[in-house]
Amino acid sequence: MQADPFAFASLLAEQILKGEGVGKLPIDPKAFARAKDIEVVAKPTSSAGVSGMLVRSGNEFAIAYATHLENEGFENFSVGHELGHFFLPGHMDAVIPGGSGMHESRAGFNSKDRYEAEADRFSAGFLMPRFLFFPATETAGSGLAAIEALATLCKTSLHATAIRYAQCTREPVAVIISVGSRIDHCFLSEALKQASGIDRLRKHEAVPRGTATHAFNQDSNNVKKAARVEESCNLQDWFGGKRSLPIGEDVLGLGRYGKTLTVLHSIKLPDAEEEEDEAALIESWTPRFKR
Ligand SMILES: [Zn+2]
């Protein structure tokens with residue numbers, strides 16, 4: 001398995017919180033920054049896609065966060081992202097070369113830029129540190145409802161919370177972000193990745209026909225109006241393979257964000273031993289003929 005190249009950024013955020021003795025959710029990134037003498041201001045941005053800015057003048061720092069999405073969770077994520085540039089090794093020199101100036105960020109937009117991606121992962125780990133977030137996942141329920149409960153607890157966006165949930169839960173779940181007929185990005189929890197005989201979902205692949213998500217995305221109003229459906233489907237609809245298993249498929253329009261969030265959950269994978277026993281049983285029933 002490929003090691004996660006950005007995991008260190010989340011780990012650093014968690015270490016910083018532990019070092020400060022932070023022991024409960026939610027984490028308030030604005031208050032945290034101010035306590036570090038970093039000025040934090042709200043700023044409506046004119047250029048779309050800019051989530052926030054880091055401004056440096058010598059040893060003075062300021063963070064501006066965009067308010068155009070009117071989403072507190074997204075604002076927190078943006079401030080966490082700028083804190084990432086502040087704390088991650090090498091970032092300050094890379095994003096504000098020369099010691100003075102400003103950096104415009106595009107937080108949470110799945111940037112291919114290494115520094116942006118690292119700052120995003122820092123922010124996710126900072127707002128949803130595993131040592132506090134994982135225990136919360138254990139009592140949050142399942143599916144979209146669990147993610148909503150965790151987003152309320154952490155004051156984070158549903159999008160960021162869903163991704164972090166897939167990283168931290170011990171349940172087999174998949175979180176899929178789609179736009180129209182395409183998968184924009186997707187995350188499988190470790191338990192689902194370990195399951196044998198399922199096809200990997202890929203970025204830019206088509207949303208499978210016959211799924212609730214496919215039907216949902218036929219009408220773009222569903223996304224705008226933040227409509228939601230909770231349906232069931234079959235594991236094979238999404239992942240192919242030999243296992244026919246009913247699973248839950250919760251779908252939510254992410255409003256202004258313009259994307260659809262799908263959570264596949266309640267996936268009762270048989271454990272490896274059970275499956276082996278079953279295979280052995282079938283084998284024992286299969287009559288053998290001599291040639
Ligand atoms: Zn940035």
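Trainee: To begin, where is the place of Leu69?

Mentor: Leu69 belongs to the loop between β3 (60–66) and α3 (72–87). Please bear in mind throughout that this is a predicted model.

Trainee: Which residues is Leu69 in contact with, leaving aside its neighbours within four places in sequence?

Mentor: With that exclusion, Leu69 contacts Phe74 and Arg256, where contact means heavy atoms within 4.5 Å. Pro208, which is 139 residues from Leu69 in sequence, lies 30 Å from it in space, C-alpha to C-alpha.

Trainee: Why is His159 called buried?

Mentor: Its relative accessibility is 10%, and buried means under 20% relative accessible area, so His159 counts as buried. His159 sits in helix α8 (residues 158–168), and, not counting residues up to four places away in sequence, it touches Gly108, Ile177, His185, Leu254 and Tyr257.

Trainee: What makes α8 mostly covered?

Mentor: The helix has 11 residues, and 9 of them are buried. Among them are His159, Arg164, Tyr165 and Cys168.

Trainee: Why is strand β6 (residues 182–188) described as largely enclosed by the rest of the structure?

Mentor: The description follows from the count for the strand, because 5 of the 7 residues of β6 are buried.

Trainee: How do you know that strand β5 (residues 174–179) and β6 are paired?

Mentor: Two strands pair if at least two bridges are found between them, and 6 bridges join β5 to β6, which run antiparallel. Within this arrangement, Ser178 stands opposite Ile183 in β6. The two strands form a hairpin with 2 residues between them, and Gly180 in the turn has a positive phi of about 60°.

Trainee: What is found for strand β2 (residues 52–57) and β3?

Mentor: These strands pair in the antiparallel sense over 6 bridges, against a requirement of at least two, and Val55 has Ala62 of β3 opposite it. Their hairpin has 2 residues between the strands, and Gly58 takes a positive phi near 60° there.

Trainee: In which sense, parallel or antiparallel, do β2 and β4 pair?

Mentor: The pairing of β2 and β4 is antiparallel and also runs over 6 bridges; as one example, Ser57 has Ser100 in β4 as its bridge partner.

Trainee: What makes His81, His85, His103, Ser105 and Glu116 donors of the zinc ion?

Mentor: The donor atoms are NE2 of His81, His85 and His103, OG of Ser105 and OE of Glu116, lying 2.0 to 2.3 Å from the zinc ion, while the cut-off for a donor is within 2.8 Å of the metal. These protein atoms therefore qualify as donors. Along the chain, the donors follow the spacing H-x3-H-x17-H-x1-S-x10-E. Ser105 in strand β4 (residues 100–105) and Glu116 in helix α5 (residues 114–127) are 11 residues apart, and this pair links distant parts of the chain. Both Ser105 and Glu116 are buried.

Trainee: Why is Ala226 called partly exposed?

Mentor: At 40% relative accessibility, the residue falls between the limits of under 20% for buried and over 50% for exposed, so Ala226 counts as partly exposed. It lies in the loop between α11 (221–224) and β7 (228–234) and, leaving aside its neighbours within four places in sequence, is in contact with Leu252 and Gly253. Gly255, 29 residues from Ala226 in sequence, is 5.0 Å from it in space, C-alpha to C-alpha.

Trainee: Is Asp37 buried or exposed?

Mentor: Its relative accessible area is 70%, and exposed means over 50%, so Asp37 is exposed. Asp37 lies in the loop between α2 and β1 (38–43), and its phi is near 65°, a positive value in a residue other than glycine.

Trainee: Why does Ser266 count as partly exposed?

Mentor: Ser266 has 32% relative accessibility, which lies between the 20% and 50% limits, so it counts as partly exposed. Its place is in the loop between β9 (260–265) and α13 (272–285), where Ser266 has a positive phi of about 50° although it is not a glycine.

Trainee: How do you know that the peptide bond from Leu25 to Pro26 is cis?

Mentor: The label rests on omega, which is near 0° for this bond; Pro26 is in the loop between α1 (7–19) and α2 (29–35).

Technical notes:
Residues numbered from 1 in each chain as written. Predicted model: local features only at pLDDT ≥ 70, side-chain atom pairs only at ≥ 80, totals over all residues. Heavy atoms only, no water. Donors = N, O, S within 2.8 Å, 3.2 Å for Na, K, Ca; no water. Helix = DSSP H or I, 4+ residues; strand = E, 2+ residues; numbered from the N terminus. Buried < 20%, exposed > 50% of the residue type's maximum accessible area, 1.4 Å probe, protein only.
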